[in-house]
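Subject: Structure handover

Hello,

Here is the structure I promised to pass on. Please open it first, then read the notes below it.

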Amino acid sequence: MKKGQLSADLLLVILTAIIFLIVLQNYMEGFNATVQGSASTNDAETVLIDVYSAIGAVKAYGSTIYYTAPKNIECTITIDNTSISVTSGEETKKFDGLNLSDVSITKNNFLCGDSITISK
Amino acid sequence: MKKEKGQIFSIDFLIAMVLAVLAIGLLLNAYELSVYEIKEAKTRNELTVIAMNAGNIFIGTNQCGLDPSNPSGPPPKDPFKDQGYEINGCFDSTPGVFDLLNKSKLMIPDVISCSVEYSGKKVNGCDVGNPAPSANVVVIERVFLATQNKIAKADYENCIDSVSTCSTYSNNTLTVKVWK
């Protein structure tokens, strides 16, 4: 090889490396979006399950409870006679088709971290 | 292997790059599997909460001592309440009372399929179908006492302490199966 001459081997390796890194970056961007979306959903679903369990306990045992919603995320909780929903950012998790007509709740629309009274 | 001046590319380097790519691929695969497992565990936890809740509501709704013609009214035949006792885990099996229950009263959401069975009978809305082989399924069984008769405290205590033959109640099994 002469002084100053660029070899084809080097060009091939550089080209291959660039293509590989582009493909890897695209994959990781998609993967990160999936993981972050999953994390946000997990938190909204966690709050939904928590609220659902509290109301279920009142329905089952006829007791009155003073319930404070978890505050690990910013969210809004909405309860009506047939559903419970938790909205966090653009994500909404909901349980439909419930019969909550025999349960009384002091606030039907409240934020995560707020306290309510649930009774039968 | 003797390298010529200016030579960068060698078979050794090629093999090393292939192995490096394979290693990165395996790592990403393991990471993706972890995320999948977490998602599956979350689904199973959700189904368990729903099944447990439905079982509690089932047994709590038709408590022993309730008037079957007015199940939401005050219990006229409740010798314990005046003394401050609550009978938990006891189900009034008077015919007709069971029919008042359905999927929505058991707080089972629309998106969840279910089968709730007691003594060969199924709750309305949870009485058809079986889970697909690929579905996530949770099954719980609750053993509880059932009676159609007025309950004397002495009978109740005999049954709890197994002092003598317990004839006041029958042992029953509630099976709650939910899947998604």
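B:Cys114 and B:Cys126 are both buried; buried means under 20% relative accessible area, exposed over 50%, and partly exposed in between, with a 1.4 Å probe and protein chains only. A disulfide joins B:Cys114 to B:Cys126, with 1.9 Å from S to S. The term covers a pair of cysteine sulfur atoms within 2.5 Å. The torsion about the S-S bond of B:Cys114 and B:Cys126 is about -80 degrees, so this disulfide is left-handed. The pair links distant parts of the chain, 12 residues apart. B:Cys114 sits in strand E2 (residues 113-118) of chain B. B:Cys126 sits in the loop between strand E3 (121-122) and strand E4 (137-147) of chain B. Helices (H or I, at least four residues) and strands (E, at least two) are DSSP runs, numbered from the N terminus.

A word on the basis. This is a predicted model, in which local features need pLDDT of at least 70 and side-chain atom pairs count only at pLDDT 80 or more, while totals for chains, interfaces and linings use all residues. Residues are numbered from 1 along each chain as its sequence is written, chains are lettered from A and ligands numbered from 1 in the order in which they are written, and side-chain values use heavy atoms, leaving out hydrogens and water.

Over all chains, the structure holds two disulfides. The one in chain A joins A:Cys75 to A:Cys112, at 1.5 Å from S to S. It links distant parts of the chain, 37 residues apart. A:Cys75 is in the loop between strands E1 (65-68) and E2 (76-79) of chain A, and A:Cys112 is in the loop between strands E6 (109-111) and E7 (115-119) of chain A. The link of A:Cys75 and A:Cys112 is right-handed, with 45 degrees about the S-S bond. Both A:Cys75 and A:Cys112 are buried.

Next, the strands of chain B. E2(B) pairs with strand E5 (residues 170-179) of chain B in the antiparallel sense, over six bridges; two strands pair if DSSP finds at least two bridges between them. B:Ser115 stands opposite B:Lys177 in E5(B). E4(B) and E5(B) also pair in the antiparallel sense, over 10 bridges. There, B:Glu141 stands opposite B:Thr175 in E5(B).

Now the salt bridges. A:Glu45 is in helix H1 (residues 8-61) of chain A and A:Lys93 in strand E4 (residues 91-95) of chain A, 48 residues apart. A:Glu45 is buried, at 11% relative accessible area. A:Lys93 is partly exposed, at 24%.

A:Asp102 and A:Lys59 meet in another salt bridge, 3.0 Å from N to O. A:Asp102 lies in the loop between E4 and strand E5 (104-105) of chain A and A:Lys59 in helix H1 of chain A, so the pair ties together parts 43 residues apart in sequence. A:Asp102 is partly exposed, at 33% relative accessibility. A:Lys59 is buried, at 3%.

A:Lys94 and A:Asp96 also form a salt bridge, at 3.8 Å from N to O. Salt bridges that share partners join A:Glu45, A:Lys93 and B:Lys42 into one network.

Best wishes

Notes
Salt bridge = Lys/Arg side-chain N within 4 Å of Asp/Glu carboxyl O.
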